[in-house]
Amino acid sequence: MESTIVWLPTIPFPVPFDVQKRIQELRSYLDPNDPSYQPEQQHKNIKAAIKLYEDGKIDGVEQVFIKDGKLVPKQEIFK
């Protein structure tokens with residue numbers, strides 16, 4: 001019996017990031033009836049993230065940090 005070898009790509013292709021899906025997910029965090037609802041103190045940051053996605057300032061590929069509703073450098077979130 002002969003076996004066939006199936007070669008896979010050495011570098012897997014990443015799944016494209018779906019911005020609209022992420023925006024919907026973030027909006028669910030603001031809905032008190034949703035099980036993924038987040039505390040009030042995070043709403044400012046969640047709304048800022050939604051706005052940044054809608055304005056095209058973030059794309060979901062690069063890691064960003066939001067504090068008090070603004071994009072900040074990583075070091076800033078530890079203050």
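Which helices each supply at least two residues of the lining of the largest pocket? They are α1 and α2 (43-54), with helices taken as DSSP runs of H or I, at least four residues long, and strands as E runs of at least two, numbered from the N terminus. This is a predicted model, where local features need pLDDT of at least 70, side-chain atom pairs count only at pLDDT 80 or more, and totals for chains, interfaces and linings use all residues. Residues are numbered from 1 along each chain as its sequence is written, and side-chain values use heavy atoms, with hydrogens and water left out.

**Pocket**

- The largest pocket has a volume of about 250 Å³; that volume is the space filled by probe spheres set on the grid points, which are joined across faces, edges and corners.
- A pocket here is an open set of points on a 1 Å grid over the protein atoms alone, where a 1.4 Å probe fits, with protein on both sides within 12 Å along at least five of seven lines; lining residues have an atom within 4 Å of a point.
- There are 15 lining residues, and Arg-22, Leu-26, Asn-45, Ala-49 and Ile-66 lie nearest the centre of the largest pocket.
- α2 gives the most to this lining, with four residues.
- By class, the lining splits into eight nonpolar, four polar and three charged residues (nonpolar: Ala, Val, Leu, Ile, Met, Phe, Trp, Tyr, Cys and Pro; charged: Asp, Glu, Lys and Arg; polar: the others, Gly among them).

**Salt bridges**

- The count comes to five salt bridges, each being a side-chain nitrogen of Lys or Arg within 4 Å of a carboxyl oxygen of Asp or Glu.
- Arg-22, one of the residues nearest the pocket centre, pairs with Glu-25 at 2.8 Å, N to O.
- Both sit in helix α1 (residues 19-28), three residues apart, or about one turn of the helix.
- Arg-22 is partly exposed at 24% relative accessible area, and so is Glu-25 at 35% (buried is under 20%, exposed over 50%, partly exposed in between, with a 1.4 Å probe and protein chains only).
- Glu-76 bridges to Lys-67 at 3.9 Å and to Lys-79 at 3.7 Å.
- These shared partners join Lys-67, Glu-76 and Lys-79 into one network.
- Within it, Glu-76 is partly exposed at 27%, while Lys-79 is exposed at 71%.

**Backbone**

- Asp-68 has a positive phi of about 55°, although it isn't a glycine.
- Most residues other than glycine have a negative phi.
- Asp-68 lies in the loop between β1 (65-67) and β2 (70-72), and is partly exposed, with a relative accessible area of 48%.
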